[in-house]
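Please look through the sequence and the model shown below before reading on. The report that follows takes up a few parts of it in turn.

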Amino acid sequence: MTSAANLTPDAPAADRIPVILERLHQEYPDARCALHHENPLQLLVATILSAQCTDERVNQVTPELFARYPTAEAFAQADLEELEQAVRSTGFYRNKARNIQQACRRIVAEYGGQVPDTMEELLTLPGVARKTANVVLGTAFGIADGIVVDTHVKRLANRLGLTQESNPEKIERDLQALVPREEWIDISHLLIFHGRQVCSARKPRCAACVLNDLCPSAQV
DNA sequence: ATCCCGAGGG
DNA sequence: CCCTCTGGAT
């Protein structure tokens, strides 16, 4: 669709990025956060639960979870074993339950029960690093402080030759240098959608990929 | 580098 | 069985 003129897979990433973004926007016009949530706290909790777990499974446990614990205060006062059982099917359930409760206790004690909206403050919460903080800032607050680098973004950035790094923070810096800031929130959703539907970890469907002609890793 | 941890796909 | 799923802390 988009004319790639003389672009080839070995062209500089900076030259391929505009075409990659344009094609992914066209392919996934509704790409957005797939975690069900109604407020920043729900998104924070859902994102903590999403570690090494599909968003689909997170969405399976959150309706009951948010009904039982409607506020940061409720999570803060929860019986830990009950909270563990409520999130059990998402894996890493002891760590996740403890982090959610400890984070909520700090949110109650230090932020009046409201999720903070700065990277610096979010990073002080237990169980929250740059990936989770970027999700909350971008999707709950519309703040493009950084770029979400999850397992999909990492895999696709490497396959597409947008970075040579394996460290997520270095990948984020490379992407920040390549992508205009107004696309920082969208690009992660686009790469995640494409990673799920086409560029899967185990068996990428290169024949059906709209980036095929621009991808250094494309299989014949 | 290692541990946490369940569930589904191939 | 082995790999993967919107990672983070030690």
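How many nonpolar, polar and charged residues does the lining of the largest pocket have?

## The largest pocket

By class, the lining of the largest pocket has 19 nonpolar, 16 polar and 10 charged residues, where Ala, Val, Leu, Ile, Met, Phe, Trp, Tyr, Cys and Pro count as nonpolar, Asp, Glu, Lys and Arg as charged, and the others, Gly among them, as polar. This is a predicted model, in which local features need pLDDT of at least 70 and side-chain atom pairs count only at pLDDT 80 or more, while totals for chains, interfaces and linings use all residues. Residues are numbered from 1 along each chain as its sequence is written, chains are lettered from A and ligands numbered from 1 in the order in which they are written, and side-chain values use heavy atoms, with hydrogens and water left out.

The pocket holds about 980 Å³ of space, a volume being the space filled by probe spheres set on grid points that are joined across faces, edges and corners. On a 1 Å grid over the protein atoms alone, a pocket is an open set of points where a 1.4 Å probe fits, with protein on both sides within 12 Å along at least five of seven lines, and lining residues have an atom within 4 Å of a point. Of the 45 lining residues, Ser50, Lys131, Val148, Asp150 and Thr151 lie nearest the centre of the largest pocket.

Helices are DSSP runs of H or I with at least four residues, numbered from the N terminus. In α9, which spans residues 151-159, the buried residues include His152, Val153 and Leu156, buried meaning under 20% relative accessible area with a 1.4 Å probe and protein chains only. Among the elements that cover the buried residues of α9 are α10 (168-178) and α11 (184-197).

Aspartate 150 caps the N-terminal end of α9, with a side-chain oxygen 3.0 Å from the backbone nitrogen of histidine 152. Just after the helix, glycine 161 takes a positive phi of about 70 degrees.

## The surface near DNA strand C

A residue is near a strand if one of its heavy atoms lies within 4 Å of it. Of the 26 residues around DNA strand C, Gln52, Thr132, His152, Arg155 and Arg202 come nearest, and α8 (130-140), α9 and α11 each supply at least two residues of this surface.

A phosphate oxygen of DNA strand C is 2.5 Å from an N or O atom in the side chain of threonine 132, and a polar side-chain atom of arginine 202 lies 2.4 Å from a base oxygen of DNA strand C. Each is a polar contact, a pair of N or O atoms within 3.5 Å.

## The surface near DNA strand B

Arginine 202 also has a polar side-chain atom 2.5 Å from a base nitrogen of DNA strand B, while a polar side-chain atom of arginine 94 lies 2.6 Å from a phosphate oxygen of DNA strand B. Helix α6 gives the most to the surface near DNA strand B, with 3 residues.

## Threonine 47

Threonine 47 has its place in helix α2 and counts as buried because its relative accessibility is 2%. The side chain of threonine 47 reaches the backbone oxygen of leucine 43 at 2.6 Å. Leaving aside residues up to four places away in sequence, threonine 47 touches Leu35, Lys131, Thr132 and Val135, contact meaning heavy atoms within 4.5 Å.

How values were computed: Buried < 20%, exposed > 50% of the residue type's maximum accessible area, 1.4 Å probe, protein only. Polar contact = N/O pair within 3.5 Å; in protein donor to acceptor, adjacent residues only side chain to side chain.
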